[in-house]
Every structure is written in structure tokens, then in C-alpha cells.
Amino acid sequence: MARPVSSQPTEVELQILRLLWDEGPSIARQVHNGLQAVKQTTYSTTVKMLSVMLDKGLVKRDEQVSPQVYRAAVSRESVGKRLARDLVDKVYDGAAMSLVLHALRTAKASPEELAKVRQLLDEMEGKS
């Protein structure tokens, strides 16, 4: 029995999305060339990945031009929120603060990032 198609992007799909977010709408050859910097793959595999991503609703394709142009159909923010929500649910049993604490313990935060965390905590406590 076939596994159901996930709407969550795989690691390679995330790499393609990052290319489209950073570079903007691109033809398949441009996506392939950008992907080559991080993952060795054939051009036909890149085209197949774009087709799968089109079916999943992760990219859109402009068929009015030749060659066809692909663009991200989802924002970096919306993908980040979905992935973070899944991570919180699957690893931290829904406790978002556990993820935040773990992240702050394992990665060095800049003073600006720490200020944002303090501001968010103040807002949550009703202090601002």
C-alpha cells in the first residue's frame, strides 16, 4: 500500500523552496543549477521534484511562458510555522516553551534575539 503524500516539504524540497524564496521565480534549469551547489542530482530528477512539489501545492508553475517558470506557493514563514508546530507536537508533546528553552540552550542567541525574547515574554505577561 502506498504511503500517503505529505504536504510537509522534504529536505530536498526545502532546499528548492529556499532557492525560490531567495532567488525568486525561476525556470527548472536555474533551480537545478542552484540545487547542484548543495545536492548532486540530475536535471530530470530536479524536474520530477518540481512536479511533485506542484502536486503538493508547494510551488506554482507559469505555463504561459516558455520555458515554464516556477515560484514558491508557500511563504518561508508559513512553512516555518508548520514545521515548528510539528516539531513541538512530535518531540515536545505540545510544549512550545520546551522547544524555546532547548533552542536557547543549544544555540548562541544574539543580543537582538534575546531582546526580542524578553519583549515577547513581557507581552505574554502583560507588562507592555
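Student: Is glutamate 63 buried, exposed or partly exposed?

Tutor: Glutamate 63 is partly exposed, because its relative accessible area is 48%, where buried means under 20%, exposed over 50% and partly exposed in between, with a 1.4 Å probe and protein chains only. Before going further, note that this is a predicted model, in which local features need pLDDT of at least 70 and side-chain atom pairs count only at pLDDT 80 or more, while totals for chains, interfaces and linings use all residues. Residues are numbered from 1 along each chain as its sequence is written, and side-chain values use heavy atoms, with hydrogens and water left out.

Student: With which residue does glutamate 63 form a salt bridge?

Tutor: Side chains of opposite charge can pair when their charged atoms come close. Here the partner of glutamate 63 is arginine 61, with the closest N and O atoms 2.8 Å apart; a salt bridge is counted when a side-chain nitrogen of Lys or Arg lies within 4 Å of a carboxyl oxygen of Asp or Glu. Arginine 61 is itself partly exposed, because its relative accessibility is 29%.

Student: How many salt bridges does the structure hold?

Tutor: The structure holds five, among them the one between glutamate 11 and arginine 18, at 3.4 Å from N to O. Glutamate 11 is partly exposed at 48% relative accessibility, and arginine 18 is partly exposed at 32%. Another joins lysine 81 to glutamate 77, with 3.2 Å between the closest N and O atoms, and both of these residues are exposed.

Student: Why are lysine 81 and glutamate 77 separated by about one helical turn?

Tutor: They are separated in this way because they stand four residues apart in helix α4, which covers residues 76–91.

Student: How many helices and strands does the chain have?

Tutor: The chain has six helices and three strands, taken as DSSP runs numbered from the N terminus, with at least four residues of H or I for a helix and at least two of E for a strand. Read from the N terminus, their order is α-β-α-α-β-β-α-α-α.

Student: In what order do the three strands form a sheet?

Tutor: Strands of a sheet pair through backbone hydrogen bonds, either parallel or antiparallel. In this chain the three strands form an open sheet in the order β1-β3-β2, with antiparallel pairing. Because β1 (26–27) and β2 (59–62) stand at the edges, each with a single partner strand, one side of each is left without a neighbour in the sheet.

Student: Which residues form the nonpolar patch on the surface?

Tutor: The patch is formed by Met97, Val100, Leu101, Leu104, Leu114, Leu120, Leu121 and Met124, which together have about 660 Å² of accessible area, an area computed by the Shrake-Rupley method with a 1.4 Å probe, where for residues only the protein chains shown count as cover. The elements that give two or more residues to this patch are α5 (96–106) and α6 (111–124). Patches take residues with over 30% relative accessible area and no salt bridge, joining like charges within 9 Å and nonpolar side chains (Val, Leu, Ile, Met, Phe, Trp, Tyr) within 5 Å. Valine 100, which lies in helix α5, is partly exposed at a relative accessible area of 34%.

Terms used
Pairing = 2+ DSSP bridges.
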